[in-house]
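Dear colleague,

I am passing on the structure below, and after it I set out what came out of going through it. Please read the notes alongside the coordinates.

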Amino acid sequence: MALKIARTLALAGGVLALAACTADGDTTGVKSASATAAPQVTDTPYPSTYSPYPGVPTALVGATVYDGAGGVIPGGTVLFADGKVEAVGLNLPTTGYQVIDGTGKFVTPGIIDVHSHLGDYPTPSVPAHSDGNEATDPTTPEVWAEHSVWPQDPGFSRALANGGVTALQILPGSANLMGGRSATLKNVPSRTVQGMKFPGAPYGMKMACGENPKRVYGGKGRMPSTRMGNFAVNRQTWLDAHAYLAEENPDRDLAKETLAGVLKGEILVHNHCYRADEMALVMDMAKEMGYRVTAFHHAVEAYKIGDLLRENDVCSAIWADWSGFKMESYDGIPENAALLQKAGACVIIHSDNANGIQRLNQEAAKAQAAGKRMGIDIADAEVIRWLTLNAAKAMGVDAMTGSLETGKMADLVLWNGDPLSVYSRPEKVWIDGALMFDSSDPKHRPVSDFELGQPGEGDVK
Amino acid sequence: MIRAALIAPAALLALTTPAAAQDMVIINATLVTGDGSEPVENSVVVVDDGKITYAGPQANAGSFDTNIVIDVQGKWVTPGIFSSMTSLGLWDVSGVSEGNDAAAGTSRFGAALDVVPALNPASQRVAVSRAAGLTRASIYSSPAKSIFGGQGAIVDLGDDPDMLVQPRAFQMVTLGERGARIAGGSRTASFAELASALREGREIASGRRNAEDSHLSREDAQAVSAVLSGEHALYVSVNRASDIRAVLRLKQSYPKLRLVLVEVAEGWLVAEDIAAAGVPVITNPMSDLPDSFEALAATQSNVGRMVKAGVKVAIGALDGATDNQPRYATQFAGNLVGLQKVPGATGLSWGQAFAAISSVPAEIAGFGGKFGVLKPGAAGDVVIWDGDPLELSSAPVKVFIDGREQSLSSHQTRLRDRYRNLDESQLPMGYRR
């Protein structure tokens, strides 16, 4: 989160001594576990319990179809059934499908936000809900965002209904250099976070450059208090992780397990980083320490190093036009996305914001327009990729969702107009082929527990 | 027909400074007057001596002598956007506290604070807002240590040293949760604080100030007295329906108060009451989350429902650099138009939405007919757009304030131009400008 940091209450000091137990780094099995007290070690603790809701075989006919991978089919047909996209094309036979007339409307893959704090900074934004920054230590790779996510955050339903968001990555905040593991979720209402977890999605790890960590910890009179301190703490932590990896039968260490997952390429690094010079240093740190940065988030200066980002195959997850809210954001420009696209680098439009997630499509359109005004023409279908397939790629779920291709999850949005127009809104949203939002049917508008019986319950919002 | 005395542009430039007020005629405009009406094609706008002398259909335009004819070839021409309740000119980077004058968190003054000496027309936030078509604004001082924020001003956003239009136009007070926290931990404290301040304002106005029985400084009490007399409007930041009702009741005890409600997340629940009281509203229309227990009923239909009930509503309270930038006014207004197509939602017509960022905020600021409209006698604040001004793809191509064409460049445009390509084979970027 850009601004909302260090709001956690000071925790009583002390670390719980964990019962001795050992496991190898890749957690594939229990080794020398004691007979009675050892925690279960599994590949997937807190496993996803999500399974698709029932749907009916559906044909969306006559809409302009953006496939999320850069393609567009005017007057196309999208067929989906059993939770999967069956076919996308022109004049496909629709016998056996519920036919929805999309004439004059638009279809896109479900919108995906690679950077959200819904659930870990839920509304109402009271201190008791501030669960995004474990700001008690500059490196906390041991914390998992899913353990903070409140599934009743009303923001999830807003993102669905107004933003067409079908999947999102919940990240820890940016107070820490290493903030912890992310949670990748399907945007379905659920009693539990397990009921939202995206099956098969890899974990991400949040890292943060620059002002936030050095301010938070410098303010506590401890390291890091400078950018060089940020790097020193990061590098030593990576060295320690390598030592852990080299151990034959190390004791379980939650922090090291996450770092080892990064070093083995199983956990994707999402690095909050604003300034171009710092991103360049981080890419070298990654080389030095043997990991990859999947995406820089809030990369407001990415346009200054589009070439480097392309060469290193690192995505830039950005706002359309935020700047000037902190020193390291001062050089943000609305042409950032377009300049990156022109440089051949990967662009993702992200929100980091419970309001912005409701209009990622609009943010993308603004970024596209800023490019056009400086002579960089980017096709609408390419722009849609910024908030669908590119985001899916950075979250490691692009084989499953993010584009309308046969066999992929039927996560899609029927828009009541051009999604790059300010006047358009989602009309219907499907997740895995199940209708989860219908603007014309109040029964298909989810209402969180929190809002029941309160003013405005079930309103269009 | 237009009788245009055309002068060659080069000659004109030689005769005038770039910032000189222009007599000009804009032809072939898709005209938006800002008064709530819908756009009209084939229109003409005439600016003479910095003021609008005509804005309407080409057919009724008559003839004008002019130095400059701008044929906009169907482009949209609108009044400048009026940004209500913002802090442009009070900071460069919101998070760099050294240069942020939006709130005086440790000052011993409250109501007496005055934004005027803090205004900086050279702030980049002014420049990027101007480039987005914003030409006028009401600047407030945010309550921090006192429930009173201080005295706000009306400004222009021109690229010149003087941005002040009217100093001390209104006073700011916050009630609700924020006011309660400032005043002592409860709404009971904020209302006691307000009542006490108003009493002191009345006493100082009548020469009966008793220093020993005063909580406010002399300066604060004087500022409050200007509110009591109605000389300064009182902008009240409040959200919960019950708080809105409580504020409206103030008029019974203090009939001269010129109230303006700000934020008002739950305004739609009490829209009839607000309308009956004749109190205008300034609000961020996109708030739709229960950020707090005083905003449980927040919805994007808030503005539409209040307008439908007869409340005068301006889109505003956009004072940040993230999801609440002043330059988002057009985008947010466009969203309200889009709501018309959403079943169960209440939006605004295009004309209403544009009025909510032009004439309506100007009227609330006391500049009805002067700013935010294109009609005879209004300031020559004119924006020419490359498309529908509420659409995401559109931007101003020319901005005039008081008839003077404005620079649209900024730190951002310079960075854009520097980094247009990344070729440093001859010299580093540092030499490129």
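Directly after helix H3 of chain B comes B:Gly184, a residue whose phi is positive, near 145 degrees. Please keep in mind throughout that this is a predicted model.

As for chain B as a whole, it has 12 helices and 16 strands, and 58% of its 433 residues count as buried. Its C-alpha atoms fill a box of roughly 70 × 50 × 45 Å along the principal axes. A compact globule of 433 residues would have a radius of gyration near 22 Å, and because chain B has 23 Å, the two agree. When contacts in chain B between residues at least 6 apart in sequence are considered, 67% of them join residues at least 24 apart.

Turning to the interface, 45 residues of chain B are in contact with 49 residues of chain A. On the chain B side, the elements that give two or more residues are helix H2 (124–131), helix H9 (329–338) and helix H12 (411–418), and the largest share, 5 residues, comes from H9(B). By class, the residues on this side of chain B divide into 20 nonpolar, 16 polar and 9 charged.

Within chain A, one helix pair may interest you. Two packed helices are described by the angle between their axes and the distance between the axes. For helix H3 (residues 227–246) and helix H5 (residues 276–289) of chain A, the axes come within 11 Å and cross at roughly 20 degrees; since angles under 35 degrees count as roughly parallel, H3(A) and H5(A) are therefore roughly parallel to each other. The crossing in which H3(A) passes H5(A) is right-handed. H3(A) brings A:Arg227, A:Phe231, A:Asn234, A:Arg235 and A:Trp238 to the contact, while H5(A) brings A:Glu278, A:Leu281, A:Met285 and A:Met289. Sorted by class, this contact of H3(A) with H5(A) has 5 nonpolar, 1 polar and 3 charged residues.

With best wishes

How values were computed: Residues numbered from 1 in each chain as written. Chains lettered and ligands numbered in written order. Predicted model: local features only at pLDDT ≥ 70, side-chain atom pairs only at ≥ 80, totals over all residues. Axes fitted to C-alpha atoms, helices over the stretch in contact; angles between N-to-C directions. Helix = DSSP H or I, 4+ residues; strand = E, 2+ residues; numbered from the N terminus. Parallel < 35°, antiparallel > 145°, perpendicular 65-115°, else oblique. Left-handed = near helix turned anticlockwise from the far one by under 90°. Contact = placed C-beta atoms within 7 Å. Nonpolar A, V, L, I, M, F, W, Y, C, P; charged D, E, K, R; others polar. Rg over C-alpha atoms; globule rule 2.2 N^0.38 Å. Buried ≥ 20, exposed ≤ 12 C-beta atoms within 10 Å, placed from the backbone.
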